[in-house]
Amino acid sequence: MMHHNWMTLLPTPDHDSLGGAVYAMLCDGLMKGRFQPGDRLRIRELAEQLGTSVTPVRDAILRLAHDDAVVFRSPRDIRIPAITAARYREIRDMRLRLEALAAEAAALAATPDDIRRLEKTLQDNENALLSHDRRAATALNQSFHFLLPEIAGMPVLHGVLRRLWLQMGPLIADSYDAGGRAMIDYHYPVVEAIRRRDPAGAAVAIMSDITLGGAAIAARVGQATESLPPPGAANMMHQNS
């Protein structure tokens, strides 16, 4: 089942920019958990809701298939894939190192305004949890994680993480209710470490969120919960800090 209330009618500029706008909207939906594993995408239905022809929607979905974010079996069978335990483990291990790098750099670069943005995102996430608004909560979870490379001033890293989150977003959304408070509690130490300009602490905190906070996600794909990487792994990343 698809969730469309987040979509808006798009303007009708030239074809290339319209296809880019459709792609960007679908990417945003995937990263923010608007889709879940197994959801079916219907090109004509999406086109009607966006107020476009089918061509830019089809082109955007083909780009997402290239990103490994959807499985395009035929024009009538396009689905959000279920992620295997091995693929989950690989993406998680990449996120551990890359998001630790983002957190480390953010701790050194963050301004008071950046810290306020992190705090506001956390508070908005708390409010969404209180309201049992999973869609808002999953979107704010993604926003928090992506603030780190943004604050760090690392657009290349942001782009790499974006592709990983295209694949992970639906699984995170599917696991969010089961995760409960673990999906947000580990974000607070990240903000505390950034506030005290502690890059190693920020890196360890975001790794804790990905592993310990992500236990429900691991369980969803049948992956036994594991402990954090040994301290040496973090030290290796931070020896030049």
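I began with the second largest pocket: its lining divides into four nonpolar, two polar and four charged residues. For these classes, Ala, Val, Leu, Ile, Met, Phe, Trp, Tyr, Cys and Pro count as nonpolar, Asp, Glu, Lys and Arg as charged, and the others, Gly among them, as polar.

A note on provenance: this is a predicted model, where local features need pLDDT of at least 70, side-chain atom pairs count only at pLDDT 80 or more, and totals for chains, interfaces and linings use all residues. Residues are numbered from 1 along each chain as its sequence is written, and side-chain values use heavy atoms, with hydrogens and water left out.

Next I looked up who lines this second largest pocket, and found Ala128, Leu129, His132, Asp133, Arg134, Ala137, Tyr176, Asp177, Gly180 and Arg181. Helix 5 (112–130), helix 6 (134–152) and helix 7 (155–179) each supply at least two of the lining residues.

Then I turned to the largest pocket. Its lining has four nonpolar, no polar and five charged residues; among them are Arg40, Arg42, Arg44, Arg58 and Arg76. Helix 2 (43–50) and helix 3 (54–66) each bring at least two residues to this lining.

Last, the fold. I find twelve helices and two strands in the protein chain, taken as DSSP runs (helices H or I, at least four residues; strands E, at least two) numbered from the N terminus. Along the sequence I read α-α-α-β-β-α-α-α-α-α-α-α-α-α.

Conventions:
On a 1 Å grid over the protein atoms alone, a cavity is a set of points where a 1.4 Å probe fits but cannot get out, and a pocket is an open set with protein on both sides within 12 Å along at least five of seven lines; lining residues have an atom within 4 Å of a point.
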